[in-house]
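Please keep the sequence and the structure at hand while reading.

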Amino acid sequence: MTEQTATLPAAAHTGGDIANTRKVFIKTYGCQMNVYDSVRMGDALASEGYVTTDAMEEADLVLLNTCHIREKAAEKVYSALGRLREMKKERRANGGELMIGVAGCVAQAEGEEILRRAPAVDVVIGPQTYHRLPQALRRARSGERVIETDYAVEDKFEHLPKTDKAQIRARGVTAFLTVQEGCDKFCTFCVVPYTRGSEISRPLSQIIDEAQRLVDAGVREITLLGQNVNAWHGAGPNGESWGLGDLLYRLAEIRGLARLRYTTSHPRDMDDRLIEAHRDLRALMPYLHLPVQAGSDRILKAMNRRHTGEEYLRLIERIRSARPDIALSGDFIVGFPGETDADFEDTLRLVETVRYAQAFSFKYSTRPGTPGADLGSQVADAVKAERLERLQALLLRQQHEFAEACIGRTIDILLEKPGRMPGQLIGRSPWLQSVNVDAASSQIGDIISVRIVGTGPNSLFAERIER
Ligand code: 5AD
Ligand code: SF4
């Protein structure tokens, strides 16, 4: 999934007596699933009388929702905790209190180690136990240092409070919805199967219910989330076996839900039904994040991806023939142990063949506990850096080419939020690009037709066209 660092929008939770309400500052690292989890943790804390704030200084509780996917993640968390420890000391010196919680994948991976190394931390809570957060905080307030890192048997989503309409509305017209969590693929570089546990799909009724609530509150676009979202499976209304494709057909029936997306997918789980959904569903946006990681069959095998470069390319062809205007996005790792120059050239060749609209690329980083960490023949950092630079230059060129090709086209955009200039809004193209256009803020949530007239570094410029 795409990485980002974000804080929750302030005042997403309103109501209550401000003088008595406690404030929580949630810092989110990593992927969209963490963003979603942070929102849900905020909701769970709202029922405990907390409001979210984006000013850390005024918070009674600071919660770090952490990511463990690549190097130095844990170290970054420890240094943030060092700063928070100072803040806690100052607070105490002034007769106040500050609680500190660590959530997310570093919490899961480090566990007890966090309590040992960071004495200021009150609560350590792994991704599968967020529904126990309010209870954990109550225990912490009575002096206990709490650690919750089970892979709980109960369903955390079933136990998390539902978000109310005003809260959903405050967050805008696009929303994430987690439908699947965890991973059974065990790519040899990846910590996710260890930090998020094994693959779990949320039941259909829960998903439909949450999607309907989002739409009732004004959401127009939903992105379904999962570490392996296309491995989602569940029972259909008559007990039949459903996959993500079936789920998308069902969600597309929700009136008022204009757009659907999903991320992140594994090539092995792109089945026929899902490809048909791309062909048939107008609401399903023509954009697919389908990481391949590398182009060399030898490296793909060592990564335990369980497909070849050629199989990936054939799959892309099938998807493109179902939905010719689909934009593709990917993730790449350079410098996996044993990667030679020739292997890396295979990656470049694959990228040339696919032509990506968007991509994320990383130097391989050894994750303790993963099989990749035990492989000999680690690649020197300078070699990784040089390969990454070449790959990124190519991907960036493709990204620009894709944006340039949009100039002159008429497309529909979903108006999402205020733009940089008064009288401007930012909309989202079907291909996930930000589009600047003149429009009134009362139009947020509308889908309008525009002509693309120019490109900026990270966005497009458009003119409205009258229908
Ligand atoms: N080193 C570098 N990149 C990694 N990713 C996952 N694990 C590692 C690692 N150990 C990348 C993959 C994945 C994305 C979310 O992060 O490309 O698709
Ligand atoms: Fe990690 Fe591979 Fe699972 Fe993706 S499919 S979460 S890269 S183990």
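How much space lies in the second largest pocket? The second largest pocket holds about 350 Å³, and of the 14 residues that line it the closest to its centre are Ala 258, Arg 259, Arg 282, Met 285 and Asp 412. A pocket here is an open set of points on a 1 Å grid over the protein atoms alone, where a 1.4 Å probe fits, with protein on both sides within 12 Å along at least five of seven lines, and lining residues have an atom within 4 Å of a point; the volume is the space filled by probe spheres set on the points, which are joined across faces, edges and corners.

The model is predicted, with local features needing pLDDT of at least 70 and side-chain atom pairs pLDDT 80 or more, while totals for chains, interfaces and linings use all residues. Residues are numbered from 1 along each chain as its sequence is written, chains are lettered from A and ligands numbered from 1 in the order in which they are written, and side-chain values use heavy atoms, without hydrogens and water.

Strands are DSSP runs (E, at least two residues) numbered from the N terminus, and two of them pair if DSSP finds at least two bridges between them.

| Strand pair | Sense | Bridges |
|---|---|---|
| strand 18 (residues 410–418) and strand 21 (residues 447–455) | antiparallel | 5 bridges |
| strand 21 and strand 22 (residues 459–464) | antiparallel | 5 bridges |

Thr 410 stands opposite Arg 451 in strand 21, and Gly 454 stands opposite Phe 461 in strand 22.

Conventions:
Helix = DSSP H or I, 4+ residues; strand = E, 2+ residues; numbered from the N terminus.
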